[in-house]
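Me: I am new to this structure and would like to go through it step by step. Could we begin with a term that will be needed along the way?

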Amino acid sequence: MAGIKMTHAFDRNGTKWAAADYAKGMGAEPLNCERCDAPVSHVGSFMRDCYDQSSRVSAFFRLHANGEHRPYCRFGVHKQIVELARTSNGLIESVKKNLFRMRLVAVTEELKASAKRPKEDDGDEKTATSSKRYASSSNRLSAYINTAQRVLKLRALCDEDDEIEQHLELVFAGNTPVSWKEFYFEHARQMAAHYTVSQNTTQYPIAIQGRVGRIAPAIKGDPTRNALNLQKLKVTQDPNEPSNGISLEVSVWAAKASWFNGLSEGDEVVVFGLWKAPAPVQSKSTKEGFFKTYTNRRLTLTLAVKSQIAKV
């Protein structure tokens, strides 16, 4: 299991090492988690291609393959999800040992209901009382969204999806399971998100991760039309028409410009909710190049509460 990335570890002599300063052989290995005795290994800083450019991943310590943190250790995903389940207001429920269920139906029903209610001021989001049973209430949507965002931020702390997948089961209406890969889409998989949204006959909320590209407040002077676009993927070749390029635009809309406060171009974010896939827009190339035409696919989401978008 990959587990949560750690910035410090102890060697067998009790010396504490920072991942940024460590190199193999510097300490008396084996190394152990700073909070428990789980064996860990060092992963040096490396370059990774992401968002169509290279970026440096900081060094970290990771859990050994088939290793496991102690139950009390905060670097164990199981402990983190147990804490989420205790405060989830019914969104996450324990179904058996080491497995928890995230009830997407609760969020879906609330999001759909919120679209039919008059908009309220969500500037100060309210905390709902704990309940194991879902009941529609405009005051509870923020609590559901906040719980989901905590799960997504937990994923951002992990090296890989593995341990999240093993501890968390996602379900929709009628206990229909949803795989983690059908729910959480990193930047490189945004086209897969479009396919999921456009092909599913039953709508459910998904999470899309990316970086802020452009924020446009008060479009055409309308204060209720505010948009945030994520950075685009590279244009890809249409397998059925080589001279046609396929692009994807991911847009988030908000009735209040203030809901994008604190976000800037280049910030990494996770956006969670009910997405739509409008009909693609066809266009001809305006300059000489490999592609003669373009198919611009789109994913759009209108925020019901500002906590549906969170900086990672």
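Reply: A residue is called buried under 20% relative accessible area, exposed over 50%, and partly exposed in between. Please note that this is a predicted model.

Me: Which class does Tyr-294 fall into, then?
Reply: Tyr-294 has a relative accessibility of 27%, so the residue counts as partly exposed.

Me: How many aromatic pairs does a search of the whole structure find?
Reply: The search finds eight aromatic pairs. One of them joins Phe-290 and Phe-291, whose ring centres are 5.2 Å apart with planes at 80°, so this pair is edge-to-face.

Me: Are those two buried or exposed? Phe-290 to start with, then Phe-291.
Reply: Phe-290 is exposed, at 57% relative accessible area, whereas Phe-291 is buried, at 14%.

Me: What about the rings of Phe-291 and Tyr-294?
Reply: Their centres lie 5.9 Å apart and their planes meet at 65°; planes over 60 degrees apart count as edge-to-face, so the pair of Phe-291 and Tyr-294 is edge-to-face.

Me: Which residues form one aromatic cluster?
Reply: Trp-180, Phe-183, Tyr-184 and Phe-272 do.

Me: Changing topic: how do the axes of helix H1 and helix H3 cross?
Reply: The axes of H1 (residues 77–86) and H3 (residues 141–157) cross at roughly 170° and come within 11 Å. Angles over 145 degrees count as roughly antiparallel, so H1 is roughly antiparallel to H3.

Me: Which residues make the contact?
Reply: H1 contributes Val-77, Gln-80, Ile-81, Glu-83 and Leu-84, and H3 contributes Thr-147, Arg-150, Val-151 and Leu-154. Five residues of this contact are nonpolar, two are polar and two are charged.

Conventions:
Residues are numbered from 1 along each chain as its sequence is written. This is a predicted model: local features need pLDDT of at least 70, side-chain atom pairs count only at pLDDT 80 or more; totals for chains, interfaces and linings use all residues. Side-chain values use heavy atoms; hydrogens and water are left out. Rings of Phe, Tyr and Trp (its six-membered ring) pair if their centres lie within 6.5 Å; planes under 30 degrees apart count as stacked, over 60 as edge-to-face and the rest as tilted. Buried means under 20% relative accessible area, exposed over 50%, partly exposed in between (1.4 Å probe, protein chains only). Axes are lines fitted to C-alpha atoms, for helices over the stretch in contact, and angles run from 0 to 180 degrees between N-to-C directions. Helices (H or I, at least four residues) and strands (E, at least two) are DSSP runs, numbered from the N terminus. Angles under 35 degrees count as roughly parallel, over 145 as roughly antiparallel, 65 to 115 as roughly perpendicular and the rest as oblique. Contact means heavy atoms within 4.5 Å. Ala, Val, Leu, Ile, Met, Phe, Trp, Tyr, Cys and Pro count as nonpolar, Asp, Glu, Lys and Arg as charged, and the others, Gly among them, as polar.
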